[in-house]
Amino acid sequence: MFGLMMDTPLLISSIMRHAEKLYGDTEIVSITHDHPRHRYNYQDAFQRVRRLANVFKQLDITFGDVIGTLAWNDFRHFEIYYATACSGVVCHTVNPRLFAEQIRYIVNHAEDKWLFTDPLFVPLLEELQAQLPHIKGYVILSDEEHMPTSTLPNVHCYESLLQQQSEEFDWPEFDERTASALCYTSGTTGNPKGVVYNHRATLLHSYALVMPNALNLSSRDCLLSVVPMFHVNAWGTPYAAPMVGTKIVLPGPRMADGQTLTDLMNEEQVNVSAGVPTIWQALLNYLRESGRTLDTLKRVIVGGAACPLSIMETFEQHGVYVHAAWGMTEMSPLGSINTMDQDPCELPRSVYNELRLKAGRAVFGVDMKIVSDDDQELPWDGKAFGTLKVRGPWITNRYFKHDASALDDNGWFDTGDVATISADGYMQITDRAKDVIKSGGEWISSIDLENAATGHPKVAQAAVIGVPHPKWTERPLLIIVKKDTTLSKEEILAWLDGKVAKWWIPEDAVFVESLPITATGKISKKDLRDQFEDYPK
Ligand code: AMP
């Protein structure tokens, strides 16, 4: 027997309708190349989204087409998210930090029909355009006054196109499994792989994201999204925030600029923010150097990579609580978040620190398990570590244009991460499977070592990679960016004593000016391994 409930499809247009009706005057604030501080509200935004849907008709962009964006976090990118999805068009967010060759590959692989681009990326596109056979034209995200000169064919100005169109548009209703967005993983080997999101997954993920045991968003919050809209849909925040009427602040091209982030946070009364650890490091460095404070910020969600304890502790001095979160492109991306039920005052500091460093518990909707090399499920005892597998309604089952399923025979997705899970469900990533260091047959967690090293007051950043060793097969090598030039190798190695197992302590530490960063803002272990390929020769 079936239940007797309405079969309303879960469509992204329902978020738009809801936000417009209930939270119409909630603000969206952005920085763009043509506005130092652009400000409007959800009602204005969604009126323009309807104009944009009419622009799509004019440009012959129709249901099922894919269009690409090369854009920062701002109000125009937000409008494109909604105008595409709500009219059944797929928004392919291209990461402009990828190599030109990768951009060429993914734009062609996705068969993007039009590209909507920030003026900053026009020179890059001019270089590539002869090799982009599917592109029918380019829309520059600008007003007429700030349009760049360009040799691109069939170029249009975004604001002029919008001005010419009507504010009336009837949003179509269609199958909730219809594709809404496309994002390529910046894999370190082989070509990038496309993850195709759909309406149903996006809506369910948004419900999960706003829950108290997740991002805990509401109409009382102001969110600064420092996670790029070109990578995993800014962790789904542009969909989740309007669902509950959260004010949105978007930093445009100034994402990595500590001063801009501080100005935005303090002047817009931001109380919650999200981003990868490297962004926070930049902000905290700026605060230290400038002596400024964070007046309203209360919590920060840190994901994409393990968050060092030093970042958590420095934020704490500013009265900001850090939530570690874990996820991936293939998971829309939220998998787990550490919301900590325990009262820190009741725990010894070391226990509290150990707990808050974990990636947290799975959000409802994500099923997790850890397995051994022969796919046997391992216990949740906080000690056994193995490959982390997941399943759930916002997790991909097949990469774009791949014939084979991305799942194992039992329908689980292998995340490529290695983790432990404690009896009460707290998951901790010990390493990316590719980065695991195996020494004398035992695993060493590079994340734990990095964490211990960054706790030293003279260390700005630390990374650990495995290097070949004649006796132990592999040993860890500690790579440090100094905060204080007086730091010596002996000092940092001695610091680790007592903080990690004795046999984990590297024999050597090397100092570098900076660490290589991937297109998604993480420390690139692959580039470090290449850089130290000949170590210790
Ligand atoms: P991406 O698909 O680019 O978002 O990268 C996803 C990967 O980032 C995951 O598979 C993890 O290896 C890593 N990652 C994300 N969050 C965390 C975290 N909290 N701790 C450690 N690694 C993380």
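1. Strand E24 (residues 473–482) is a mostly covered strand, with 7 of its 10 residues buried. Here, buried means under 20% relative accessible area, exposed means over 50%, and partly exposed lies in between (1.4 Å probe, protein chains only). Helices (H or I, at least four residues) and strands (E, at least two) are DSSP runs, numbered from the N terminus. A word on the source: this is a predicted model, in which local features need pLDDT of at least 70 and side-chain atom pairs count only at pLDDT 80 or more, while totals for chains, interfaces and linings use all residues. Residues are numbered from 1 along each chain as its sequence is written, and side-chain values use heavy atoms, with hydrogens and water left out.

2. Let us look at the partners of E24. Strand E23 (residues 459–469) runs antiparallel to E24, and 10 bridges join them; two strands pair if DSSP finds at least two bridges between them. A hairpin of 3 residues links E23 to E24, and Ile 465 has Leu 477 in E24 as its bridge partner. With strand E25 (residues 509–511), E24 pairs in the parallel sense over 3 bridges; there, Ile 480 is partnered by Phe 511. E24, helix H15 (residues 489–496) and E25 form a right-handed β-α-β unit. Right-handed means that, with the strands pointing away from the viewer, the path from the first strand over the helix to the second runs clockwise.

3. Strand E5 (residues 114–117) runs parallel to E6 through 4 bridges, and Thr 117 stands opposite Ile 140. From E5 the chain passes through helix H5 (residues 122–128) to E6, in a right-handed β-α-β crossover. E6 is also joined to strand E7 (residues 155–157) by 3 bridges, again parallel, with Tyr 138 opposite Val 155.

4. Now for the open sheet. Its 9 strands have the order E2-E1-E11-E10-E12-E13-E14-E15-E16, with mixed pairing. Strand E2 (35–41) and strand E16 (361–362) are the edges, each pairing on one side only. Within the sheet order, strand E10 (residues 222–225) and strand E12 (residues 272–275) run parallel and are joined by 3 bridges; Leu 223 has Val 272 as its bridge partner in E12.

5. Which residues touch the most other members of the largest nonpolar core? Of its 146 residues, they are Tyr 82, Phe 116, Trp 280, Phe 315 and Trp 326. A second, separate core has 18 residues, including Leu 449, Ala 452, Leu 496 and Trp 504. A nonpolar core is a set of buried Ala, Val, Leu, Ile, Met, Phe, Trp, Tyr and Cys residues joined through side-chain atoms within 4.5 Å.

6. Helix H14 (446–454) is mostly covered, with 8 of its 9 residues buried. Among them are Ile 447, Glu 450 and Asn 451. H14 also gives two or more residues to the lining of the second largest pocket, as do helix H12 (309–317), helix H13 (349–356) and strand E20 (427–432).

7. That pocket holds about 710 Å³ of space. On a 1 Å grid over the protein atoms alone, a cavity is a set of points where a 1.4 Å probe fits but cannot get out, and a pocket is an open set with protein on both sides within 12 Å along at least five of seven lines; lining residues have an atom within 4 Å of a point. Grid points are joined across faces, edges and corners, and a volume is the space filled by probe spheres set on the points. The second largest pocket has 25 lining residues, and Glu 354, Leu 357, Gln 428, Asp 448 and Lys 499 lie nearest its centre. The lining has 9 nonpolar, 10 polar and 6 charged residues, where Ala, Val, Leu, Ile, Met, Phe, Trp, Tyr, Cys and Pro count as nonpolar, Asp, Glu, Lys and Arg as charged, and the others, Gly among them, as polar.

8. Finally, the structure holds 1 cavity of 30 Å³ or more. About 50 Å³ of space lies in the largest cavity, whose lining comprises 2 nonpolar, 6 polar and no charged residues. Helix H7 (residues 199–210) gives the largest share of this lining, 3 residues.
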